[in-house]
Amino acid sequence: MKLQNSFILREYLRPQALPTTWCPGCGLGIVMSSIAQAVHFRGLAKRDVAMVSGIGCTGRMSGYVDFNTLHTTHGRAPAFATGLKLARPAMSVIVVMGDGDSMSIGGNHLVHAMRRNIGLTAIVVNNAVYGLTGGQASPTTPVGGRTATSRTGSIERPMDLETLARASGAAFYARATVNHTAALVKLIERALAVPGFAMVEIISNCHVLYGRMNDLGDAAEMMHGMESQTRRVNPVLLRRGRMPHRLDAGADPEAGFADDPRIPRGVIFEREGSVDYSARYYAMVDELRAKREAAA
């Protein structure tokens, strides 16, 4: 599998831009690899894919992949990507953002991209901290999390990206971690096929800043911790788990999930029948043009 992935990655990266500036062990390398694999398995040509990024550690990804790329200002990646998707509706547009980039300064642009249901694939890498600018608290820093700006522990309630996506009308939302790479590739691949706004939130590690401040160990230890902090919500696996192994087995594996503090991962929701905003826009333009021609 490693050999296969290495050959895939070689086709989708810019060798002249390597090595990356990311810290050794950073989950962003896994995220970039997963995106490249998802594009490959979807059978998309590189010329038909665009990656738009903002500012932050995640924002550097657009410089390493061999797609059509656009490195924009802090928080404005969804706005630039919206314009690109309207101009080139047939293009697959991937927007990569960090938790601070997408939900703090970029929160307004993100909400309206979801409200319009513009056909973007948004990848939000959530490591609970501002990694590039010094380790400040981000909108997703958990209560009690120690950062450069909350040394005694954050007292603010973290934002819930799932709730925001539901309320704003996104067509698809999934969550994965950098410790579950096979599922992550499949989720991104599925998101690329959604006719509307699709988001994949990826829980990642920042062991250099957040992990060190909170005694969470190195990169491997933080990634291993994601197994106990999250739970699967794949309906196929849950149905399989409900099938008793013995006739006297009556325990329901979903019992107590309402009170389960672990974060669910997998496809959280998908709205059927969603229509991409760019498709609606061009349909309206064609309709107006036909009416003008008929009147003439």
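Y282 is found in helix α11, which spans residues 277-295. Helices are DSSP runs of H or I with at least four residues, strands are runs of E with at least two, and both are numbered from the N terminus. The model is predicted, so that local features need pLDDT of at least 70 and side-chain atom pairs count only at pLDDT 80 or more, while totals for chains, interfaces and linings use all residues. Residues are numbered from 1 along each chain as its sequence is written, and side-chain values use heavy atoms, with hydrogens and water left out.

With a relative accessible area of 31%, Y282 is partly exposed. Here buried means under 20% relative accessible area, exposed means over 50%, and partly exposed lies in between (1.4 Å probe, protein chains only). Y282 belongs to a nonpolar surface patch together with Y281, M284 and L288, and the accessible area of the four residues together is about 350 Å². Patches are made of residues with over 30% relative accessible area and no salt bridge; like charges are joined within 9 Å and nonpolar side chains (Val, Leu, Ile, Met, Phe, Trp, Tyr) within 5 Å. Accessible areas come from the Shrake-Rupley method with a 1.4 Å probe, and for residues only the protein chains shown count as cover.

Helix α11 also holds both D286 and R289, three residues apart, about one turn of the helix. The side chains of D286 and R289 meet in a salt bridge with an N to O distance of 3.1 Å. A salt bridge is a side-chain nitrogen of Lys or Arg within 4 Å of a carboxyl oxygen of Asp or Glu. D286 counts as partly exposed at 46% relative accessibility, and R289 is partly exposed with a relative accessible area of 42%.

Two packed helices are described by the angle between their axes and the distance between the axes. The axes of α3 (residues 77-87) and α11 come within 9 Å and cross at roughly 45°. That angle makes α3 oblique to α11. Axes are lines fitted to C-alpha atoms, for helices over the stretch in contact, and angles run from 0 to 180 degrees between N-to-C directions. Angles under 35 degrees count as roughly parallel, over 145 as roughly antiparallel, 65 to 115 as roughly perpendicular, and the rest as oblique. The crossing of α3 and α11 is right-handed, a term used if the near helix is turned clockwise from the far one by less than a right angle, with anticlockwise giving a left-handed crossing.

The structure holds 10 salt bridges. One of them pairs D66 with K46, and the closest N and O atoms are 2.9 Å apart. This pair links distant parts of the chain, 20 residues apart: D66 is in the loop between β1 (49-53) and β2 (68-71), and K46 is in the loop between α2 and β1. D66 is partly exposed, with a relative accessible area of 30%, and K46 is likewise partly exposed, at 29%. In another salt bridge, R265 and E227 have their closest N and O atoms 3.9 Å apart. Distant parts of the chain are again linked, since R265 is in strand β8 and E227 in helix α9 (residues 219-229), 38 residues apart. R265 counts as buried at 11% relative accessibility, whereas E227 is partly exposed, with a relative accessible area of 40%.

Several loops carry backbone features. L18 and P19 are joined by a cis peptide bond with an omega of about 5°, and P19 is placed in the loop between α1 (2-12) and α2 (28-42). N117, in the loop between α5 (107-116) and β4 (120-126), is not a glycine but has a positive phi of about 55°. N117 counts as buried at 8% relative accessibility. The place of A128 is in the loop between β4 and α6 (161-168), and A128 counts as buried at 10% relative accessibility.

R262 lies in the loop between α10 (235-242) and β8 (263-270). R262 is partly exposed, with a relative accessible area of 33%. A distance of 34 Å separates the C-alpha atoms of R262 and G63, which are 199 residues apart along the chain.
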